[in-house]
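Visitor: I'd like to go through this model and ask what the labels rest on. Can you show it to me?

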Amino acid sequence: MNIHEYQAKGVLREFGVPVSRGVAIFDASEAEGAARELGGPVWVVKSQIHAGGRGKGSFQGAAPGAKGGVRVSKSAEEVVQNAREMLGQTLVTVQTGPAGKQVNRLYIEEGAQIAAEFYLSMLVDRATGGVAFVVSTEGGMDIEAVAHDSPEKIHTIPVDPATGIQPHHGRAVARALGLSGAQAKQAEALSANLYRAFVEKDMSLLEINPLVLTATGELKCLDAKIAFDGNALYRHPDIVGLRDETEEDAKEIEASKHDLAYIALDGTIGCMVNGAGLAMATLDIIKLYGEEPANFLDVGGGASEEKVTAAFQIITADPNVKGILVNIFGGIMKCDVIARGVIAAVKTVGLSVPLVVRLEGTNVEEGKAIIRGSGLNVIPADDLDDAAQKIVAAVKGA
Ligand code: GDP
Ligand code: MN
């Protein structure tokens, strides 16, 4: 789960991480009050969307050369003007895709004077099986470009989960950023506080770009992006409270209500599968035969008929879906339950696209009989290969 920058800074502030003072607003009428409260003389008006690249982004319909989604403002009037120009508009950045994202919230911050910009992120590193810091002196810019053009400027500092964060990790971060003296001390404290925040809040990603050194010699997090581990959200009601459903895919929200592991994708073939591994294999084989999957969906091991119906409804509600592939290996899951769920769903929502069903495993004969007896226009398939070829052919023929 992702949150907005201003919310991320709120979380980090609780852990003693240095961030600027700021006020989030939802309406341009709140801009002047926010500017007065912060006092100036420089403010930054920042679009709050779940995507980066806002500074270099542009608003749809704006004149060429118009300012982006992060604007340094020199007076309260300018803050108000910028708020009016940004709220309700659609911001397009390298991360939003061409459709862009509507800006419904702004964060107004006191402006910082920047002496140097760094990059600092933390992630769960599969290579070392722990949390790692990734830092670079090349902050404020596109880190992917730095990774591509000058990978030696990016330093990875893994933390052994058995020891947790130690002073030497903080010193390594400071050294990688070229800091010494009082600033190195700040970097060490910052590293320890960020690590604590990361672990205690079950983050999966934390990215500060840029981390800056201000003109007065203070380290400060000027931007913050946090992603949380969805499987740990049950123990963080405060984080769940930060959820902005307008930033999420409506189908994914509906799926999460039914405890379905669903991820929306861009293709045309809706998939209903049990087991994450089989679901991944199904996506792969659809691509192998030349089509693109519309979603990842794992209905789980012990799905009920209701859950299957809900899953089927979510798939058919997607206007991009031109065909559906149901691929079930009945182990714990029984094929007749899936068959009944599919029939019930088709009766409720109708079926306007080709449907291929491949069943194998427990109660497979009952399952096939239920589908045959339903009188529905279902294309049966014998194995994964056969199923993928049949649904691709059906979609291409349509
Ligand atoms: P992003 O473009 O979505 O990554 O948004 P950022 O929060 O990183 O802001 C983009 C850029 O705006 C930063 O890299 C900074 O160069 C600049 N910026 C952000 N806050 C301030 C500030 O307080 N003072 C100044 N001078 N520049 C800022
Ligand atoms: Mn940034």
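Visitor: Why is Asn-209 called buried?
Guide: Buried means under 20% relative accessible area, exposed over 50%, and partly exposed in between, with a 1.4 Å probe and protein chains only. Asn-209 comes out at 17% relative accessibility, so it counts as buried. Keep in mind that this is a predicted model, where local features need pLDDT of at least 70, side-chain atom pairs count only at pLDDT 80 or more, and totals for chains, interfaces and linings use all residues. Side-chain values use heavy atoms, with hydrogens and water left out, residues are numbered from 1 along each chain as its sequence is written, and chains are lettered from A and ligands numbered from 1 in the order in which they are written.

Visitor: What makes Asn-209 a donor to the manganese ion?
Guide: Donors are N, O and S atoms within 2.8 Å of the metal (3.2 Å for Na, K and Ca); water is not among the atoms, so sites may look incomplete. The manganese ion (ligand 2) is coordinated by Asn-209 (O) and Asp-223 (OD), at 2.2 Å. Asn-209 lies in strand β11 (residues 203-214) and Asp-223 in the loop between β12 (219-221) and β13 (225-228), so the pair ties together parts that are 14 residues apart in sequence. Helices (H or I, at least four residues) and strands (E, at least two) are DSSP runs, numbered from the N terminus.

Visitor: How do you know that Asn-209 has a polar contact with ligand 1?
Guide: A polar contact is a pair of N or O atoms within 3.5 Å; within protein, one must be able to donate a hydrogen and the other to accept it, and residues adjacent in sequence count only if both atoms are side-chain atoms. A backbone N or O atom of Asn-209 lies 3.2 Å from an oxygen atom of ligand 1. For Ala-112, a backbone N or O atom is 2.8 Å from a ligand 1 oxygen, and for Lys-46 a side-chain N or O atom is 2.5 Å from one.

Visitor: What is the peptide bond from Asn-209 to Pro-210 like, cis or trans?
Guide: That bond is cis, with omega near 15°, and Pro-210 sits in strand β11. A cis peptide bond also joins Gly-40 and Pro-41, with omega about 10°.

Visitor: And Asp-202, buried or exposed?
Guide: Asp-202 is buried, given its relative accessible area of 15%. Asp-202 also has a positive phi of about 55° although it is not a glycine, and its place is in the loop between α6 (181-200) and β11.

Visitor: Which residues does the "binding site" annotation cover?
Guide: The unreviewed UniProt entry lists Asn-274, Gly-331, Ile-332 and Met-333. They are spread over 60 residues of sequence, yet cluster in space, with a largest C-alpha distance of 9.9 Å. UniProt positions are given in the numbering used here, feature names are shortened, and annotations may be inferred rather than shown by experiment.

Visitor: Why is Gly-331 called partly exposed?
Guide: Its relative accessible area is 45%, so Gly-331 is partly exposed. Met-333 has 2% relative accessibility and therefore counts as buried.

Visitor: What is Met-333 in contact with?
Guide: Contact means heavy atoms within 4.5 Å. Leaving aside neighbours within four places in sequence, the contacts of Met-333 include Asn-274, Val-299 and Thr-362.
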